[in-house]
Amino acid sequence: MYDVLTVREDFPVLKDVIYLDNAATTQTPVQAVSAMLDYFYKYAANHGRGAHRLARETTNHYEDAREMVASFFNMDVANTIFTKNATESINVVSRGFPWKKGDHVIVTLVEHHSNLLPWMRLKELGVELTVVKPDQGGVVDPEDIRSAINDRTRLIAVNHVSNVFGSIQDISKIIGIARQEGVKILVDGSQSAGNMPIDIRSIDPDFFVCPGHKGLLGPQGTGVLYIKEPDMIEPIFLGGGMVSSVTPDSYKMEPSPARFEAGTPNIPGVIGLGRAVQYVKELGVGSIGKHEISLAKETALRLGELDAVEVYGPKNRAGVVSFNVVGMNSHDVAMILDQTHNICVRSGYHCAMPGIDHLGVKGTVRASFALYNTVEEVETLVKTVSDITSLLS
Ligand SMILES: Cc1ncc(COP(=O)(O)O)c(C=O)c1O
């Protein structure tokens, strides 16, 4: 296990705040920021274009980042595509999949809007959607997904970890069901990538997406898309950098990943992401996950002991704890936490309205943990929430 206090020195902003909004975005370590500064100060140029030394150096650093991300998840570089976030990764699949009228897609009620709306919009193409309900803790029974499959089902899109409940889906089982039934499967790893070990070759989904700016600790504006069979997806963006030949009336696309990366990419962001992933790898994703889960368990347990607090989600959770102070709006609680003790948490719907509606509430307060959070921060959170509840009596 790494030393949390030493790790915190790599995240200067943590001196001023208790940052518990890691499910929205995490802080980026100085090592990754300094890799981005090196790009700007020492060799900035475009990627994959130009023979001069700066262009070559930029291309090498960008492709090194791809190798780092690919090896982190045990996937081939040819299947490792950079996007600007998880949302774009999902839209690339939903727009580029070879749909036919009458096709059927399955999602769950605990998806982030990013893994719901792109599938909902397919109605325009005559593609039907089934939304499978989880239990009250946000866990989906894989057999309910199996029961929703019919002979027109082409794809299942499911989260690995819910950003509202912190529930962990049995992704291996769900992928197994998809394989048995001959249905493609997309896993939204936005809340699991960098928070738990993921070996893509071993779990073998058709598509895997995650942002670079959450558990992977990269900068905002970075995302990852894995496509097992890249040629089955028609790119939604066409332009420079993704073609091998063009005539006035035709073009030939490069193979993946270039096929999906039209235009100048977020070069500094990807270079920062590569360095951040190396940082996560060096600390050990297993240790990071254990640490986050233990903080979340402690938080859920301690908050659950307070009379006026309702805690949501299953016992067996990832590093996310949603709760409410009964009788108080979640935004008011979040404001008080910030103003009195510099505690940053998320409040409201968390871009997951159907999931929150399933709880029968109008939003939650969400504390979400990262590798750099401490037991002392949990203490301060619980004590401050307890003080807030006493305002009510
Ligand atoms: C489960 C889940 N899916 C998708 C997303 C969207 O990620 P991004 O904002 O990087 O597109 C999020 C972001 O919170 C998320 O938690």
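Helices and strands here are DSSP runs numbered from the N terminus, with helices (H or I) of at least four residues and strands (E) of at least two.

**View 1. The whole chain, as a predicted model.** We start with 13 helices and 15 strands. The radius of gyration comes to 22 Å, close to the 21 Å from the globule rule for 393 residues, so the chain is as compact as a globular protein of that length. Its C-alpha trace spans about 75 × 55 × 30 Å along the principal axes. Buried residues account for 55% of the 393. Of the contacts between residues at least 6 apart in sequence, 69% link residues at least 24 apart.

**View 2. Leu217, in the loop between β7 (207-211) and β8 (223-227).** Most residues other than glycine have a negative phi. Leu217 is not a glycine, yet its phi is positive, about 65°. Is this residue buried or exposed? Leu217 is buried, since its relative accessible area is 1% and the cut-off for buried is under 20%.

**View 3. His350, in the loop between β14 (346-348) and α12 (353-359).** Here's another residue other than glycine with a positive phi, this one near 55°. His350 also counts as buried, with 1% relative accessibility.

**View 4. The cis peptide bond from Ser256 to Pro257.** Most peptide bonds are trans. The one from Ser256 to Pro257 is cis, and its omega is near 10°. To find Pro257, look in the loop that runs between β10 (250-253) and α9 (267-283).

How values were computed. Residues numbered from 1 in each chain as written. Predicted model: local features only at pLDDT ≥ 70, side-chain atom pairs only at ≥ 80, totals over all residues. Heavy atoms only, no water. Rg over C-alpha atoms; globule rule 2.2 N^0.38 Å. Buried < 20%, exposed > 50% of the residue type's maximum accessible area, 1.4 Å probe, protein only. Contact = heavy atoms within 4.5 Å.
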